[in-house]
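Biologist: I would like to go through this structure with you, one point at a time. Please give the cut-offs as the terms come up.

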Amino acid sequence: MCDCRRLSRRNFLKGSAGIIALSELSGLSAEASAQSLVATPALYGEKKKVPVLCYMCAQRCPAYAIVQQGQVVAMDKNPVNQYAGICAKGRAAPAALYSQHRIKTPLIREGERGEGKFRPASWPEALDLVAHQMQRLRKEHKTERLFYLYRYTSAAGYDKGFFHLFGTPNIVDYADTCWLGTAYAQKSVFGQGGAGAFTSDWEHADYGLIIGKNLGGSVIGYGWSGLFGKGQRHGLPLTIVDPRRPPEMGQVTAQWLPIRPGTDYAFVLGVMHYLIKNRWYNDAYLKQYTNIDALINIDTLQPIHLTHPSDDYRVYDTLKKSVVGSKQATKPAYEGTFTVNGEVCKPAWQLLRAQLLDNKPSDMSVVCGISEKDMESVASRLYKAMPRCFVEVGYRFARHSSDMKAQWAINHLNVLLGNLGQEGGILANKNASLGSVPVDFPIPDKPPFTEWYRQSDPDSWGVENTSHRALIAEAFKTGKPYQPEMLFLWGNNLLGGAAGGEDISAMLKEVPSVVGVSPFWNDSLMFADVILPDCTFLERDEPFSADYKTRVPVIGVHQKAMEPLYDSKSGYWIVTELAKRVFDAPTYHHYFSELENDGLMPYWKKQLEGVGNITAEEQKTLPNTVSDLQLAGGWSSTHPVDSFVPHTPSGKIELYSVMLAQKWLMLRQAHPDYPDMDYASPLHIPVFPRWLEQKAKLGDDEFIPVTGFSPLGSFTGAQSRDNDVLEFLQKATHYTSVFMNAERAGRLQLKTGDTIDIWYEKVPDSVQRAKVFVNETTHPDVLFCYYCAGNGRFGPKQFENNTVSQGMNPNQFGFTRFAPGIKSHTPQDIILKIKRVIS
């Protein structure tokens with residue numbers, strides 16, 4: 001028997017021999033497999049390029065699949081615009097496609113949940129079981145108790161429609177474990193935001209401050225990586241603030257300021273103190289574009305408006321010597337005390353400035369571990385470079401209780417520098433909009449489960465939507481508002497990607513029904529009753545995509561590169577087959593028959609007909625037909641956004657956040673004893689991570705977990721975690737090890753290669769085991785690992801060929817834990833203990 005792993009790892013990167021080895025894994029007949037091992041005939045036939053959207057991570061970068069004799073033999077970038085790029089994960093997609101460890105057929109659980117014991121099943125049997133559970137909920141009038149959790153869905157558009165039609169409002173994504181805090185912080189300042197709302201102008205900046213973001217690790221091939229590369233080539237000076245110096249960035253000349261985990265807010269407050277104290281800010285920009293002139297009631301912290309909060313706010317005009325609307329003011333006051341209808345007021349700038357000056361750098365230095373001198377130096381460098389400078393932060397910033405406030409402060413820091421919309425500063429991205437699915441699915445009249453938290457839980461004052469997958473375990477534990485009875489996980493690894501392994505695993509063991517859809521194994525599937533193997537992205541058609549982190553609108557095209565392998569199916573096939581079993585014939589015919597008969601063509605046409613948010617000039621360059629767009633491999637504008645326009649009620653950048661001020665007042669009036677009111681304050685009152693509040697000085701055996709992205713990994717997706725081509729590079733970079741500071745390791749008599757047990761101090765039996773890698777570039781308080789690279793406590797060790805059975809996953813320590821207000825998870829806001837394993 002051939003060593004397919006050896007062939008894939010060594011020969012694939014060399015050329016055709018490796019390609020043939022991957023073809024051997026494609027499920028061909030025994031005779032064909034034997035023939036494919038002979039390298040000399042190679043793969044005759046013409047190569048063709050098929051446009052795809054790479055799903056080796058969630059970014060779906062435009063790419064080309066190189067197809068020969070019906071097999072995908074390579075991946076390449078799609079140069080649809082100037083941001084074209086493809087990363088190592090994208091190049092390794094064929095190894096995932098042809099993996100022998102894919103889920104090849106439907107499976108039904110035989111053992112206890114979590115044991116990983118399954119038997120093969122036919123599609124009709126598996127689908128009937130799923131439909132039976134759904135019909136039970138409908139018969140009992142409990143459709144809302146089905147929770148649909150999606151991540152790597154293969155039925156985009158129709159999947160949500162199917163579950164809405166069934167009657168559940170609980171369609172839940174993953175934002176609370178990723179970019180929710182980023183979006184909330186941006187919205188509180190700019191009125192809009194999200195993971196990819198802005199791009200730093202790496203190419204033209206004179207200085208950059210990077211906080212908690214690894215551009216070399218969290219590679220987004222389409223957009224950011226190209227700009228980052230240009231900045232590298234131009235020698236952009238950088239300061240990196242991170243608990244670990246990220247070697248993936250290749251910035252050997254960059255200044256590295258090691259920071260205690262979760263204390264970014266303290267560091268930024270220290271930097272802003274020096275900007276304010278030395279007047280190192282863009283005064284003209286602040287006065288023209290922000291609301292710092294707003295009169296604020298010093299008791300309620302609310303702006304004074306003309307008649308209603310949505311109206312123009314009031315300012316004091318020093319020329320007219322009266323209070324007027326901001327739009328009528330000639331020369332607003334920025335300091336002073338005024339009385340308006342009996343309310344004592346001060347300008348927002350006076351309040352903001354006083355609080356920032358009150359945050360002493362000496363105090364912030366004690367918290368974050370970065371010296372006052374370094375804080376002042378960073379502030380000076382930003383001032384000298386402004387506006388051709390930027391402060392960039394990791395968009396996946398859901399780690400500690402204080403992270404949203406840190407994000408908020410970083411937005412303020414950029415505003416103080418006046419760099420928004422400026423060359424070399426922070427630039428706005430722009431997405432086109434697309435038409436929707438060709439049928440209108442009804443929206444359930446029942447509210448999502450998060451509405452109960454918004455109305456009844458004072459600690460959920462920032463909850464705005466259903467993007468709270470970790471909160472599902474809390475609902476199951478407390479029964480509020482009701483317990484989930486069916487979890488439908490479509491490419492969503494809840495147990496691997498959300499904090500609270502104790503609570504989440506308990507829910508997965510006890511909830512009446514768990515269904516998983518995925519081509520690859522993950523932690524959560526170990527608890528599934530039924531597993532449905534959808535095919536990989538290379539084996540199916542998909543809708544167009546316009547959701548990119550780029551400065552110009554892009555429409556990505558995806559076509560099936562080859563037929564599905566094994567007994568896997570397209571997600572659209574799965575949806576239609578379930579719909580036949582769940583709905584009556586007229587309902588099925590109305591909503592799904594067109595999809596079954598015509599595939600995605602009607603959807604593509606509707607998307608193209610509904611293209612919006614592009615200019616008239618851009619519209620002229622857009623292909624007129626679906627076939628023309630597919631032939632072109634996609635579409636892109638060439639004209640980036642030139643200005644930044646806030647979407648706040650005032651129409652200005654709200655350096656004084658009205659949104660937060662309203663939340664703060666609501667809490668003070670309705671819940672005066674709420675302990676975390678400072679998190680909603682529109683002023684910069686310092687807040688710190690929970691672990692630091694618990695213990696300021698760690699013991700010798702105590703560490704704070706920190707994770708970071710690897711360019712060889714893709715969140716919790718096994719398409720890169722168990723991948724023949726990436727395996728060699730992962731081993732070379734100690735992919736599943738934990739990284740420890742040399743001085744701390746010496747105290748514990750640990751060296752590289754030693755094995756340690758790791759546990760959460762409040763749950764002593766929650767032991768995870770990992771190898772140690774000792775270096776000088778990890779903060780002494782930190783135990784670092786790559787995000788979801790290790791198997792943790794619940795990983796599918798018996799189903800993955802390459803993945804080491806050890807490795808730490810901080811998400812799986814302890815119970816569900818949340819940041820105040822916005823309820824994002826806080827996986828790294830805990831103290832871990834370690835002990836050397838004596839073999």
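Biologist: In which helix is aspartate 358 found?

Modeller: This is a predicted model, in which local features need pLDDT of at least 70, side-chain atom pairs count only at pLDDT 80 or more, and totals for chains, interfaces and linings use all residues. Residues are numbered from 1 along each chain as its sequence is written, and side-chain values use heavy atoms, with hydrogens and water left out. Helices are DSSP runs of H or I with at least four residues, strands are runs of E with at least two, and both are numbered from the N terminus. Aspartate 358 falls within residues 348–358, which form helix α12.

Biologist: What radius of gyration does the chain have?

Modeller: The radius is taken over C-alpha atoms, and the globule rule is 2.2 Å times the number of residues to the power 0.38. For 839 residues, a compact globule would come near 28 Å, and the chain agrees with that at 27 Å.

Biologist: What part of the 839 residues is buried?

Modeller: Buried means under 20% relative accessible area, exposed means over 50%, and partly exposed lies in between, with a 1.4 Å probe and protein chains only. Of the 839 residues in the chain, the buried part is 64%.

Biologist: Why is helix α7 largely enclosed by the rest of the structure?

Modeller: The buried residues of α7 include Tyr158, Phe162, Phe163 and Phe166. Helix α7 covers residues 158–166, and it is largely enclosed because the buried ones number eight of the nine.

Biologist: Which residue follows α7, and what is its phi?

Modeller: The residue after α7 is glycine 167. Its phi is positive, near 120°.

Biologist: Arginine 60 has a positive phi although it is not a glycine; is arginine 60 buried or exposed?

Modeller: Its phi is about 55°, and its place is the loop between β1 (48–53) and β2 (62–68). With 15% relative accessibility, arginine 60 counts as buried.

Biologist: Is glutamine 749 buried or exposed?

Modeller: Glutamine 749 is found in the loop between α29 (742–747) and β26 (755–760), with a positive phi near 55°. Its relative accessible area is 63%, so glutamine 749 is exposed.

Biologist: Which residue is joined to proline 387 by a cis peptide bond?

Modeller: Proline 387 lies in the loop between α14 (372–385) and β17 (389–393). The cis bond has an omega of about 5°, and the partner is methionine 386.

Biologist: How many salt bridges does a search of the whole structure find?

Modeller: A salt bridge is a side-chain nitrogen of Lys or Arg within 4 Å of a carboxyl oxygen of Asp or Glu. The search finds 46.

Biologist: With which residue does lysine 213 meet in a salt bridge?

Modeller: The N to O distance is 2.6 Å, and the partner of lysine 213 is glutamate 392. Lysine 213 lies in the loop between β9 (207–211) and α9 (224–233) and its partner in strand β17, so the pair ties together parts 179 residues apart in sequence. Both are buried: lysine 213 and glutamate 392.

Biologist: How far apart in sequence are the parts tied together by aspartate 459 and lysine 823?

Modeller: Their closest N and O atoms are 3.4 Å apart in a salt bridge. Aspartate 459 lies in the loop between α16 (450–456) and α17, and lysine 823 in the loop between β28 (782–786) and β29 (832–836), so the separation is 364 residues.
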